[in-house]
Amino acid sequence: MNTARAELRKLLTLPSLRLTVLLTWTAHLALTCAYRVAESRGEPLGDNAALAPIVYTQAGFLVLGVLAASSEYEEGGQIRTTLLASPRRLPLQAVKALTLAVVTLPVAATTAATSALPAGEATWTPAATAYLTLTTLLGAAFATVVRRSVLAVILLLGLYFIAGPLLRAWFATSAAYLPDTAALDPSRGAAATVGWTLCALALAALTFHRRDA
Amino acid sequence: MVRLVRAELRKLFGLPTAWVGLVLGTLAAPLIVLLNAPYTRRAIAAGTVTDTSDLGLRELGLGLIGPMILGVIMVSSEYTSTGPDSPGARQLTTTLTAVPDRRRLLTAKTTALVLVVAAQAAVTATAALSLAEVLHGDHTSMPAAARVAGAILYWTLTALLAYAITLITRNGIVPLTFLIINSAVVSVSYLLTKVTDLAAYLPDIVGARMFLRTADFPVEISPLTAGLVMTAWVAALLAVGGVLFHRRDV
Amino acid sequence: MITIDRVSKTKSRTQILYDVSFEARPGRVTGFLGPNGAGKTSTLRILLGLDRPQSGTALICGRPYRKLDRPLTTVGALLDGSGAHRARKARAHLRWVAASNGLPDSRVDEVLEIVGLTGAARKRAGRFSLGMSRRLGLATALLGDPEVLVLDEPVNGLDPAGIRWIREFLKDSAAQGRTVLLSSHLMGELAEIADDVIVIDKGRVVIQGRLAEVTGGHRTLEDAFLALTAADSGGSW
């Protein structure tokens, strides 16, 4: 479909996305090594060392989603060009989300495999891949509503790294409702991640459909 | 110079994101002291927390997102484009037209930042400590002034750290992402201390020694040394950032 | 053919367009004239489906913009700036726009040639000068070889050579049967290009008709315009 080809070309020619992927991969590799060294020194950092680096690396995927979406709204007003080319907004939003997911999947898969395979926990790779991809979509949906990359990053990272852990510490039941729980405990948090992502995408589609360009 | 600092302050307070940093940074620590109160009380009663000298100060760590945002936004706002007709121009163009001497500009910006975050630190520390006193007064006493000063210094240096990194990267997303992740409860720096003892000298880890007593560190460092190490880090990064800012095209 | 019928728009509780109605016919250059803030851009954005009116319709070839299939083959629009992301290279920008409407990649090089940006194709849009940005925007508008051209202040930022180029280009386009609608606040320029003129002030259409009719007994279009918009109410008549 034409819109999909266009969105794909957009994603593949945005330098900031390439940089984000590179930084995320590098960080994940470094963290995986750090975890292994720590374990070998006898200071294990938790039981699921195969997936633990993902708790940090997911930030890179959030940023990836934010940058992909907010690139339409940065100075230059590309969103107008996009809407002139594809004026039907709901299909446009759907295609945007799908192409982003398609582009993110290989990145997520390689990231997940990097830490899961060496630790012998290859079975976690598909779940981790799905989680990271959904996280990117969540970031993109957020940025579509907020439209400003710095603010979206602050809010998302604040939620994932400060508010989330605090809420989990104070109210144990909240864990099932927070989007990032799946990174720590996949069985408990999967539904929340999917739910949050779908709600965010719906909200983004709704606001995008109604407001002026 | 006073005029320049005032201009920088006015610019800062005109940014909505700066207000996010101000509000979050000021309210976070006292709020957490408040919401943590029942757990703290239980932990003290159960004997799992024996050393309460860090009460009220420890929570300040979670408010660090505030000074980080302020430090980053101080620079990154200059690099946002001014409009669709000239995507190459940035606010920095206007700023440098008004203040062509880059050294004076940086001095003014740095001063403005320090004033704002130091004031914010004083406010949030007072609020957090007062709350801790009210809620857990029978188990803890107000920490020595030197320790509170250490906390304020840590807060200010963190903002300057964010500021210096953004001077180098010019883009706000990279430093913000990295710093916010690092201010989480289990930070990357802390992780690295498990890998190598050298990580104990990372700015955010070593700086905490200025005012925290109960955190576990692999290496014993005195508060004074800690302060000097963190200041050295910040000074070095500021120097690099300053030189780059001075020499680069806009 | 463009048909705007009783379009009204409210923004932040202020009404900015009052029952705006006019037509732009094929084979003619229609000038949309008014001071800054009169409502020209707002009207064009509604025409192009970017904003929604509170009432009224804006149709291109009998259909609203959002209902057009592959709209860039029917309408080419030039708004402010280049419409490109500043980190993207000019060619990469045009390539994704071409893909979005199923246009062949060969069109990219063709339009770059038309606007004279072939040499700057590998440059990032953020490094373009003001004039180059407008030309990139125009190139984007021409990708689909559309029969309707909608331009908002097209000469803004162009040097004298560029202004002459655009003038000839738009006249030729109209001569080839295209519908050309351009907005401007520069009367002198518009008087050189336009066949039909619509004058808008404070959100209302003040007068519309052929250039000679609108100029009326005044010496220049500018005199006519200032006389027409001097009245406080600015109502249509």
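## Basis

In this predicted model, local features need pLDDT of at least 70 and side-chain atom pairs count only at pLDDT 80 or more, while totals for chains, interfaces and linings use all residues. Residues are numbered from 1 along each chain as its sequence is written, chains are lettered from A and ligands numbered from 1 in the order in which they are written, and side-chain values use heavy atoms, with hydrogens and water left out.

## Salt bridges

Side chains of opposite charge can pair when their charged atoms come close. Over all chains, the count is 24 salt bridges (a side-chain nitrogen of Lys or Arg within 4 Å of a carboxyl oxygen of Asp or Glu). In chain A, a network of salt bridges links Glu7(A), Lys10(A), Glu72(A) and Lys96(A).

In chain C, Asp51(C) and Arg45(C) form a salt bridge at 2.8 Å, N to O. Asp51(C) is buried at 5% relative accessible area, and Arg45(C) is buried at 16% (buried means under 20%, exposed over 50%, partly exposed in between, with a 1.4 Å probe and protein chains only). Arg25(C) pairs with Glu23(C) at 3.2 Å, N to O; Arg25(C) is partly exposed at 40%, and Glu23(C) is partly exposed at 31%. In the salt bridge of Asp223(C) with Arg219(C), the closest N and O atoms are 4.0 Å apart. Here Asp223(C) is partly exposed at 27%, whereas Arg219(C) is exposed at 72%.

Arg127(C) is classed as exposed because its relative accessibility is 64%.

Thr140(C) sits in helix α4 of chain C and is buried at 9% relative accessibility. Its side chain reaches the backbone oxygen of Leu136(C) at 2.8 Å.

Ser184(C) belongs to strand β7 (residues 179-184) of chain C. Ser184(C) is buried at 4% relative accessible area, and its side chain reaches the backbone nitrogen of Leu186(C) at 2.9 Å.

Key: Helices (H or I, at least four residues) and strands (E, at least two) are DSSP runs, numbered from the N terminus. A polar contact is a pair of N or O atoms within 3.5 Å; within protein, one must be able to donate a hydrogen and the other to accept it, and residues adjacent in sequence count only if both atoms are side-chain atoms.
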